[in-house]
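Colleague: I've got a model open and I'd like to learn how to read its packing. Can you walk me through it?

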Amino acid sequence: MDKNYKFGIYQSDKNIDLTIFQYGWEHCAPLHSYGPAKRNHFLFHFIFSGKGYLSSNDSSGTTHLHRLEACQGFLISPNQVNTYYADENLPWEYAWVEFDGVKATEFLEMAGLGFDNPVYRLKKREQASLIRDELMTIIDNPGQSPIFQLGHLYLFFDSLIRCSAAAKPSQPGRMKNYYVMEAVSFIEQNYSRSITVEDIASFCNLNRNYLGKLFRKGTGQTLQHFLMYYRMNRASELLKFSDMSINEIGKLCGYPNQLHFSRAFKTIFGLSPSSWREQNSSLPQSSRRPRTDAGPGEE
């Protein structure tokens, strides 16, 4: 492994409230850059030393350039156009974690972060070690259990919120809204069927648009995205732990059309189902079923 770079992928996809997708650390070369690009999930960087720049758009479409330095952090939200690069003379060293989940938006808002507020600042610089330690515990222990890593992600958020110069109090009743919980419960029990947002609204006995507003306010996600997100997490479990064909898995997760399933999976994970399985399957190569369903259903 490069002595200036560490990278890991989270090995479990069962957590809906909060889950990790990948994480890493890098001491960048001068002017090392990434982007312009969009992410499918939240990505947070915390700067240990050096300097760099973040260019990102806000909700109005206006692009802002942020000059960042040690003991600051920056958030990239899903579907936000961004570019970031290291300073030419004093390139930054940072750690990052990519995450998502029903509680992600709430925790970020409590830390004063969001699509229009991507820069993180500490109350006191000496608190930087609290955030750094939790991130590096995740990064330096890729062999630990998913419970260990997820536990430290929660501790990371606790430190992020407590130490934020722009921290906000928790909003009482967040995610306790009856209709939001009813919608989540319906999805959990019926994701394998060809349900739609209209079906969810009908079950809750609410107008689709009204339920959509309640759900987005409570979770930070649209109903359609959460339904797809839930299905793809279930699909990833089957891809990892079974030798079922991709077509079979798609059908079990509410996608009778394999092409539509592959597109949805790539939207969430950034890889086709077959590529993701090749990288993450827990089955020995000798025990895997011969692949017979590649072709028009894979992109």
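Predicted model: local features only at pLDDT ≥ 70, side-chain atom pairs only at ≥ 80, totals over all residues.

Colleague: Is valine 197 buried or exposed?

Modeller: Buried means under 20% relative accessible area, exposed over 50%, partly exposed in between (1.4 Å probe, protein chains only). Valine 197 has 5%, so it counts as buried. Beyond four places in sequence, valine 197 touches Arg208, Leu223 and Gln224 (contact means heavy atoms within 4.5 Å).

Colleague: Which residues touch the most other members of the largest nonpolar core?

Modeller: In soluble globular proteins, nonpolar side chains tend to be buried together. A nonpolar core here is a set of buried Ala, Val, Leu, Ile, Met, Phe, Trp, Tyr and Cys residues joined through side-chain atoms within 4.5 Å. The largest has 38 residues, and Leu223, Phe226, Met232, Phe261 and Phe265 touch the most other members. Helix α7 gives the most to this core, nine residues (helices are DSSP runs of H or I, at least four residues, numbered from the N terminus).

Colleague: And which residues of α10 are buried?

Modeller: In α10 (residues 273-280), they are Pro273, Ser274, Trp276, Arg277 and Asn280. Down the axis of α10 they fall within an arc of 160°, so they line one face; the arc is that of the directions from the helix axis to the C-beta atoms. Exposed Glu278 and Gln279 sit on the face turned away from the buried side.

Definitions and conventions. Residues numbered from 1 in each chain as written. Heavy atoms only, no water. Helix = DSSP H or I, 4+ residues; strand = E, 2+ residues; numbered from the N terminus.
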